[in-house]
Amino acid sequence: FFLVCATPSVGKERRGEGREARMASDQTQYDLLTKISPYLDKHLLFPLLEHVQEQKVYKEEDVLRAQVELLSKTKLVDFAVDKYKLLHKTDTAPPEMVNRRKEVVAQIKEAKAECRPLLTLLEDPALAKPGSGDNKGYREMLVMMAEKSGITPEMTEGLFKYAKTLFECGNYGQVDKDSPMGAAEFLPIYRVLCKDPTGPNALSALWGKLAAEILLEKWDEAIDDFKKLRELIDTKIFANPLLQLEQRTWLIHWALFVYFKPELSTHPNGRSEIIDLFFSERYLQTIQTNCPHILRYLTTAVMTNTTRRNALKDLVRIIQQERSTYQDPITEFVECLLVNFDFDSAQEKLSQCDKLLEGDYFLGSLKDEFVSQARLFIFETYCRIHQCIDIRMLADKLNMKEDEAEVWIVNLVRNARLDAKIDSEKRHVIMGATKPSVHQQIYNKTMGLCFRSYVLGQNFQKHRAKYDVSADPTGEGGP
C-alpha cells in the first residue's frame, strides 16, 4: 500500500550497474510486499522493508520515504528521526517530530498513571512472574491478589492501554530476564484479569502479544500463541462471517513469520504444520478467496519437505484451479514438471525461482534447499517416464563428467527406489517397469478413508445438534 508510487531500481544505469538493475527488476516483478502488507501490523512491516532495502529491489530513496511515511503512523519517533535524516541528508530533526516526541512521552506517563496500582501489584515479590512457575497457579494468585488490592476494571483496561502504548513505542517486551517488562509481559496479564476473555480487547491483546514475540524472535512462545489465536478465531461466533474470514486471512500471513523464520534445527516440524494449516478446509478456502499469492509459500513448504510428498497431488490440483488468479515461477515450475512434463520449461522456471527466492523475505534461507529438491524432482520425474536415458546427455545438462554423472544417477536411482540398471558399455540407464501392485493400489485408495469418515461423522453430529436446538428451543425435549 505504500510502494504503489515506488519505482524499480532501473532507469538511467551507469556503466557496470546494468546487471544489478536487471536483477532488481526481476525481484520487483516477483515481490509480494504490496499484497502482504495490508494483512500485517505496521511494526511487522519494518523487517520486510529493511530486506527489500538490502536486496536493492526498489530505489533507496523510495524505501526510505516509505519507512518515514509508515513511521509517522506509529510512536517510534526516534526511529522516524533517524530515517528522516537519511532521506533528507540532514543532521537536524524537523520541529514536528520534536514536538511529536514530547507528546509520546506524555502519553506514556498518562497511560502508566491510569494503571499504577496494578503495576505496583505486579512488582510484589509474592507474585511469581509467568514462566518461572506453574502458569495456572500464577493466574490464580494474580486474580486473588488483584481482588484483595481493589483493582478495578478501569485499572485493568488502563493496563491494556499502557501495554499498547509501549508496543507502539517499540518496547515489545523483555529481551532478557533482567530487562524491564514490556508489552509481551503486560498483555497476557490483561487477558487474565479482563472480565470478557473473548471480547475485542482480549483478542487484540493476543494479536499484540504474538506480534511482540515475532519481533523479539521468541519463536517457542510465538508458536504457542499462534495456536491459541487460531483456536479462538475458529471457535468464536462472529456476528459477521466476513470478519472471521478477514481474521483468518491475517492469521495466514502471520503464519509466514511463525513457521518460516525460525531455524529448522530448533523447529523441525514447522513446515509440516504450515502445510497442515494451509491445506485445512477453512484456511484453504480463505487462501483461494482472499490471498491466492500464499500458494507461493505453500508450494515451497511442500517442495522442501521430503516427508510430505503425499501432498503434491492436492497441491497440483489447487495450483491448476488458481492459475487464472495467481502464478509465479514457483507454481509454474510445479505445473510444467508435474502436469505438462515440459522439462525445458521447468529448467527455465527453476532459474527464475532462484531469483525469486533470493528476494523473498520469508524464503531466502530456503533457496539452496528448494533448488536442490527441485532438481531432484526433475530427474526423478524424467527417470519415471523414460525407459532409456543417455548418461552423456544428462552429463551435459548437469555440466558434469560422465563418470561423475553415472555416480550421481546411481545415487538418484537408489534414493528414489526406482527399478533401474546401468549399461556401462552403451552408457545408458535402463528403467524397469514400476507398476504398483494391486495391494498397493487398494492401500493408496483407502489410506484416507478413516479420516474422511471421521470428519463426515463430526459434521453430521454438528448439523444434527443445530437441528435439535432449532426444533426444540427450550432444550427440554419431548412434547
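In which loop is Lys-56 found? In this predicted model, Lys-56 lies in the loop that runs between helix H3 (42–55) and helix H4 (60–71). The phi of Lys-56 is near 55°, a positive value in a residue other than glycine. Most residues other than glycine have a negative phi.

A positive phi, of about 55°, is also found at Phe-341, which is not a glycine. Phe-341 is placed in the loop between helix H18 (329–338) and helix H19 (343–359). With a relative accessibility of 40%, Phe-341 counts as partly exposed, because that class covers values between the limit for buried, under 20%, and the limit for exposed, over 50%.

The crossing in which H12 passes H13 is left-handed. On the side of H12, the contact is made by Trp-219, Ala-222, Ile-223, Phe-226, Lys-227, Leu-229, Arg-230, Ile-233 and Asp-234, while H13 contributes Gln-244, Gln-247, Arg-248, Leu-251, Trp-254, Ala-255, Phe-257, Val-258 and Tyr-259. Sorted by class, the contact of H12 with H13 comprises twelve nonpolar, two polar and four charged residues.

Key: Residues numbered from 1 in each chain as written. Predicted model: local features only at pLDDT ≥ 70, side-chain atom pairs only at ≥ 80, totals over all residues. Heavy atoms only, no water. Helix = DSSP H or I, 4+ residues; strand = E, 2+ residues; numbered from the N terminus. Buried < 20%, exposed > 50% of the residue type's maximum accessible area, 1.4 Å probe, protein only. Left-handed = near helix turned anticlockwise from the far one by under 90°. Contact = heavy atoms within 4.5 Å. Nonpolar A, V, L, I, M, F, W, Y, C, P; charged D, E, K, R; others polar.
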